Amino acid sequence: MIKDLFTKPKKKKYATIPSEAAKQDVPEGIMTKCPNCKKIMYSKELTKNLKVCFHCDYHYPMNSQERLASFLDEDSFQEIDRELVSTNPLGFPEYLEKLEKDKEKTNLNEAVVTGIGRVDQHEVAVAVMDSTFRMGSMGSVVGEKITRAIEKADELSVPFIIFTASGGARMQEGVLSLMQMAKTSVALKRFSDNGGLIISIMTHPTTGGVSASFASLGDYNFAEPGALIGFAGRRIIEQTIREELPEDFQTAEFLLEKGQLDAVIARAELKEKIATILDIHQPGGDLVWLEN
Amino acid sequence: MVGELEFEKPVLELRKKIAELKEITKEADVDLTDEIEKLEVRLERLEKEIYENMKPWDRVQIARHPNRPTTLDYIPLLFTDFIEVHGDRTFGDDAAIVAGIGKFQGLPVTIIGHQRGKDTKENIRRNFGMPHPEGYRKALRIMKQADKFGRPIICFIDTKGAFPGKAAEERGQSEAIARNLFEMAGLKVPVICIVIGEGGSGGALALGVGNHLHMLENSTYSVISPEGAASILWKDASKAKQAAEKMKITAPDLKELNVIDEIIPEVKGGAHKDKDLQAQAIHEVILKSLKELLKLSEQELINQRYEKYKAIGQFDLQNEYITTN
Ligand SMILES: [Zn+2]
């Protein structure tokens with residue numbers, strides 16, 4: 001059922017949280033079959049096209065490495081806080097083993113990568129969530145790393161940009177996980193009050209506690225086409241209200257119509273659009289402008 | 001011709017006649033140069049006479065002209081790097097109001113305006129430029145953002161009014177308008193409002209509490225449409241023309257009532273005749289306003305707005321009352 005998330009993105013029947021089964025979104029090999037339109041294309045070409053299907057515009061999920069490479073200026077990224085790793089605060093069975101397995105599989109230490117980089121010459125603090133690690137779920141480390149990245153942005157007086165991709169809170173860390181929503185939000189509030197610029201780019205999937213905290217708190221909230229974004233899972237809602245939900249429910253396009261997003265931006269235009277916004281937000285132009 | 005207006009028919013007819021004569025001169029072997037020259041002199045006089053003596057109702061017709069440039073027509077002519085943003089983050093995205101950020105001669109600004117459609121399909125999507133509460137709430141969200149980042153705000157007013165509908169009332173049309181008036185009063189950045197078409201009542205004012213308020217020469221701004229006024233005052237909507245005269249709704253009227261700052265001159269016959277040229281005239285006024293307002297501090301901007309609205313209204317003092325007190 002969870003597999004449907006990637007194999008039938010149009011239907012998203014029970015698409016709430018991607019799981020182990022969905023770990024490999026692009027099969028290895030020379031050719032790739034689009035999970036949406038079923039057309040076959042060269043994997044290399046697909047990668048060059050920022051992992052967007054040539055035929056149907058389906059946006060494949062990107063991992064953090066691919067995202068940073070496609071979004072930041074070449075060689076501009078400096079990672080911070082890579083050394084932060086999760087413990088098992090509640091003594092949850094098999095949690096540490098699962099973390100180890102994901103570390104090996106993804107070559108990441110946690111479900112978010114943070115650091116400093118440049119977008120078209122503009123310096124920014126950036127956080128990229130990675131749904132290949134524990135479904136991008138947020139535990140203490142994810143919350144702490146994002147908070148530190150926000151503080152870094154504040155310290156350097158640069159914009160904060162976050163790419164979200166998450167199934168929500170990390171169950172194995174219980175209420176500590178829940179409180180990361182508050183921790184990140186408190187940090188964003190201080191940063192915002194100091195005049196900081198916050199840009200959130202929601203990618204597939206952004207759900208639960210992540211959508212109900214920093215993902216929705218941007219001065220600009222954008223999303224990638226087709227991304228699943230919502231608080232409660234589709235199945236839970238359907239069971240609660242005993243009603244079948246429309247097919248496009250909780251898609252980026254649906255949210256745009258419902259007033260939740262500033263825009264849905266295709267991956268090919270993302271960097272340029274964000275660069276324009278960064279340019280418009282460069283501080284201190286008024287007086288210079290008056291003199292000219 | 002589409003969008004031909006009644007009052008300018010003599011001009012258009014004369015123009016057509018001149019064109020015909022020119023055609024004849026070209027095709028037949030007759031020289032009508034003298035005749036043509038005479039007519040052209042007459043045309044010039046006639047244009048002057050008609051376009052410089054426009055009646056309020058004529059201006060209403062121009063303000064409502066189907067081809068009259070809209071907010072989205074002016075944006076690319078006045079700004080660069082425009083990025084539209086959507087949604088009130090609560091209920092929906094109202095296409096009857098557009099909002100976004102961009103640059104005016106290199107200066108970052110926030111741009112907000114009513115937006116009607118140019119054809120039936122677009123008009124349905126944009127609800128004929130008549131906003132719902134979510135439209136005003138989107139506008140306010142974007143104004144607050146401008147405030148946070150210290151960007152001047154430029155508002156284009158062009159609406160028959162806030163949408164009078166059931167859903168609009170349920171979601172608090174009144175509160176949404178009132179909230180904008182209240183919050184716009186406290187913005188710490190320059191706010192420049194320009195009426196480019198119809199300024200219909202509270203629905204227009206909700207984007208209109210600014211430091212400077214300008215009007216295009218043939219735009220209107222009123223508490224109610226002439227039709228609405230006629231039907232209330234005389235129980236007869238067909239007396240709209242009469243109401244338009246009485247109600248003082250044109251730019252010159254509002255200038256005389258001290259409600260607006262500047263009248264932005266229009267292209268002869270109306271902005272729709274040449275939107276590029278019209279945009280230049282708007283550009284000049286925005287530039288002038290910005291240069292003036294950017295010199296003010298945050299508190300001075302708020303005070304200036306306060307004084308501006310405080311000064312609107314006319315009243316008398318009853319002498320007896322003064323002497324007995
Ligand atoms: Zn495809």
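How far apart do the end C-alpha atoms of residues 30–292 of chain A lie? Select that span: its end C-alpha atoms are 56 Å apart, and it is 39% helix and 19% strand. Helices (H or I, at least four residues) and strands (E, at least two) are DSSP runs, numbered from the N terminus. An unreviewed UniProt entry annotates residues 30–292 of chain A as "domain: CoA carboxyltransferase N-terminal"; such annotations may be inferred rather than shown by experiment, and the positions follow the numbering used here, with feature names shortened.

This is a predicted model, in which local features need pLDDT of at least 70 and side-chain atom pairs count only at pLDDT 80 or more, while totals for chains, interfaces and linings use all residues. Residues are numbered from 1 along each chain as its sequence is written, chains are lettered from A and ligands numbered from 1 in the order in which they are written, and side-chain values use heavy atoms, without hydrogens and water.

**Zinc site**

Next, select the zinc ion. The SG atoms of A:Cys34, A:Cys37, A:Cys53 and A:Cys56 coordinate the ion at 2.2 to 2.4 Å. Donors are N, O and S atoms within 2.8 Å of the metal (3.2 Å for Na, K and Ca); water is not among the atoms, so sites may look incomplete. The donor angles run from 106 to 113°, which makes the arrangement tetrahedral (four donors, all angles between 85 and 135 degrees). Along the sequence, the donor residues follow the spacing C-x2-C-x15-C-x2-C. A:Cys34 sits in the loop between strand 1 (31–33) and strand 2 (40–42) of chain A, and A:Cys53 in the loop between helix 2 (43–48) and helix 3 (64–71), so this pair ties together parts 19 residues apart in sequence. A:Cys34 and A:Cys53 are both buried (under 20% relative accessible area, 1.4 Å probe, protein chains only).

**Aromatic pairs**

Over all chains, the structure holds seven aromatic pairs. Rings of Phe, Tyr and Trp (its six-membered ring) pair if their centres lie within 6.5 Å; planes under 30 degrees apart count as stacked, over 60 as edge-to-face and the rest as tilted.

Select A:Phe71 and A:Phe163: this pair is edge-to-face, with 4.9 Å between centres and 80° between planes. A:Phe71 belongs to helix 3 and A:Phe163 to strand 6 (residues 160–166) of chain A, 92 residues apart. A:Phe71 is buried at 3% relative accessibility, and A:Phe163 is buried at 1%.

Then go to A:Tyr220 and A:Phe222, whose ring centres are 6.1 Å apart with planes at 15°, so the pair is stacked. A:Tyr220 is buried at 0% relative accessibility.

**Chain B**

Finish by selecting B:Phe79, B:Phe104 and B:Phe156, which form one aromatic cluster.

Key:
Tetrahedral: all angles 85-135°; square planar, octahedral: opposite > 155°, others 65-115°. Buried < 20%, exposed > 50% of the residue type's maximum accessible area, 1.4 Å probe, protein only.
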